[in-house]
Amino acid sequence: GFYLCTGSFFENCIAQRGGFIYERADDCNFENCTVSQAAPSISGGFGQKVINCNFKKCSVSGDVEIRNGIHDVGGFVGRSENSKFVNCKVTGSVVGCNDDIGGFVGWAENSEFSQCEANVSVEGLAHVGGFVGASKEKSKFVNCKAIGSVFGKSDVGGFAGYMYDGG
């Protein structure tokens, strides 16, 4: 995968092992892209952080397991800011030992999710959700679903772990 991606367009791409983007993606577009085996050590199956990105019909399968104290861990992406996801899905498991742990996204800020699915088991400390660990700044979730077990110590929800004001 890429360490850092800026202003790129990807269509019908496959990453068979590891995340598509290791560190972060800015102003990128992804369509029909697949990660067939998430990298356990990256805090999101597709990538750690996305900013101003668009995802359409993308999928991730595999397990994400972060045990070094990092927060913002998700099956699809660890952190999303000002990004849109349409008809995307993730399957597998997500394990984190800190907060903001979600089946699809760990932390969502001013992002939109439409017709997305997280079919995962999720485990974390706090702000743990089947779809989103924590959300703020007007994030929207439309026709999305979370399937699977969710475990945590505080602020645990089948869909969302914690919604901040405006989240």
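The protein chain holds 24 strands and zero helices, where strands are DSSP runs of E with at least two residues, helices are runs of H or I with at least four, and numbering starts from the N terminus. This is a predicted model, in which local features need pLDDT of at least 70 and side-chain atom pairs count only at pLDDT 80 or more, while totals for chains, interfaces and linings use all residues. Residues are numbered from 1 along each chain as its sequence is written, and side-chain values use heavy atoms, leaving out hydrogens and water.

Along its principal axes, the C-alpha trace of the protein chain spans about 40 × 30 × 25 Å. Of the 167 residues, 49% are buried, a term for a relative accessible area under 20%, with exposed meaning over 50% and partly exposed in between (1.4 Å probe, protein chains only). The accessible surface comes to about 7,300 Å², and carbon and sulfur atoms contribute 44% of that area (Shrake-Rupley method, 1.4 Å probe; for residues, only the protein chains shown count as cover). Among contacts (heavy atoms within 4.5 Å) with a separation of 6 or more, 68% join residues 24 or more positions apart.

I51 belongs to strand β7, which covers residues 47-51, and is buried, its relative accessible area being 12%. Leaving aside residues up to four places away in sequence, I51 touches R24, A25, D26, D27, E81 and S83. G74 lies 23 residues from I51 along the chain, and the C-alpha atoms of the two are separated by 15 Å.
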